[in-house]
Amino acid sequence: MNATRRAQYLEVLGIDVWLPRARGSPALTPAQPARAVRADRSEAWRALQREVSQCTKCALHATRTQAVFGVGDPQAQWLVVGEAPGAEEDRQGEPFVGRAGQLLNAMLRAIGLARGANVYIANILKSRPPSNRDPKPEEVSSCLPYLMRQIALLEPVLILCVGRIAAQTLLGTDAPLGRLRSRVHHFGELNTPVIVTYHPAYLLRTPADKRKAWQDLKFARSVFRELTAHPERH
Ligand code: SF4
């Protein structure tokens, strides 16, 4: 992450990189601003978590067991974005659990990643829609700012968007998933690269498409390597 991009993220968050110095304290050393940034981010992350856990911005708060903020490494370079918590996620408070979660873990392992190690996993909606129906537009518009703040804090190198609903919502399109695969999209003010693949729950129902998902994962891995090898080009 170069300094300019980091500064853009922090500006979006309204985080002041420089902590105020006590009167008469010595000048800041170069290591101190980095520590200050980390401290500010950790606090901003915890504040965001608290806000989501108490959120009543849309009607879904009335039927959820708990909000599902996300899981993983808050310093991760990869962000996986799904649609919304299901019944088990709502019970456990963690995204992508159960059989679909196990398949997602296997997909991540296939490209050398692991849940909790350089990957953060979140959904567009933090509260479960009843009967796992599709999110309503007003729910998305209420909840999407939380994901945008997560993205600004995480500064992921790459977003892997899983499933049609998540992809269409994030990218603001109604194009079918097949047309969104195999390309690098960009999301938000910070232009974060996005790659789209199938939702693991869909792959459980349609195992023939696992081969295409593997192509997507290999594509994502090669784009990630390019982005991290040559950050100055992006
Ligand atoms: S879905 Fe999002 S906006 Fe709606 S209540 Fe849950 S956290 Fe709040």
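Visitor: What percentage of the residues of the protein chain count as buried?
Guide: This is a predicted model. In it, 35% of the 234 residues of the protein chain count as buried.

Visitor: And how many helices and strands are there?
Guide: The protein chain has nine helices and six strands.

Visitor: Which residues touch the most other members of the largest nonpolar core?
Guide: That core has 52 residues, and those touching the most other members are Leu 79, Val 80, Val 81, Ile 124, Leu 160, Cys 161 and Leu 170. Helix H5, residues 137–154, gives the most to this core, with seven residues. In soluble globular proteins, nonpolar side chains tend to be buried together.

Visitor: What does Leu 160 touch?
Guide: Leaving out residues up to four places away in sequence, Leu 160 touches Trp 78, Val 80, Ile 195, Thr 197 and Ala 220.

Visitor: Turning to strand E2, why is it largely enclosed by the rest of the structure?
Guide: Strand E2 covers residues 78–82, and five of its five residues are buried, so it is largely enclosed.

Visitor: Which way do the residues of E2 point?
Guide: Trp 78, Val 80 and Gly 82 point one way, while Leu 79 and Val 81 point the other way. In a regular strand the side chains alternate between the two faces of the sheet.

Visitor: In what sense does E2 pair with E3, parallel or antiparallel?
Guide: E2 and E3, residues 119–123, pair in the parallel sense over five bridges. Gly 82 stands opposite Asn 123 in E3.

Visitor: And how many bridges link E2 and E4?
Guide: E2 and E4, residues 158–162, pair over four bridges, in the parallel sense. Here Leu 79 stands opposite Ile 159 of E4.

How values were computed
Residues are numbered from 1 along each chain as its sequence is written. This is a predicted model: local features need pLDDT of at least 70, side-chain atom pairs count only at pLDDT 80 or more; totals for chains, interfaces and linings use all residues. A nonpolar core is a set of buried Ala, Val, Leu, Ile, Met, Phe, Trp, Tyr and Cys residues joined through C-beta atoms within 7 Å. A residue is buried if 20 or more other C-beta atoms lie within 10 Å of its own, exposed if 12 or fewer, and partly exposed in between; C-beta atoms are placed from the backbone. Helices (H or I, at least four residues) and strands (E, at least two) are DSSP runs, numbered from the N terminus. Two residues are in contact if their C-beta atoms, placed from the backbone, lie within 7 Å. Two strands pair if DSSP finds at least two bridges between them.
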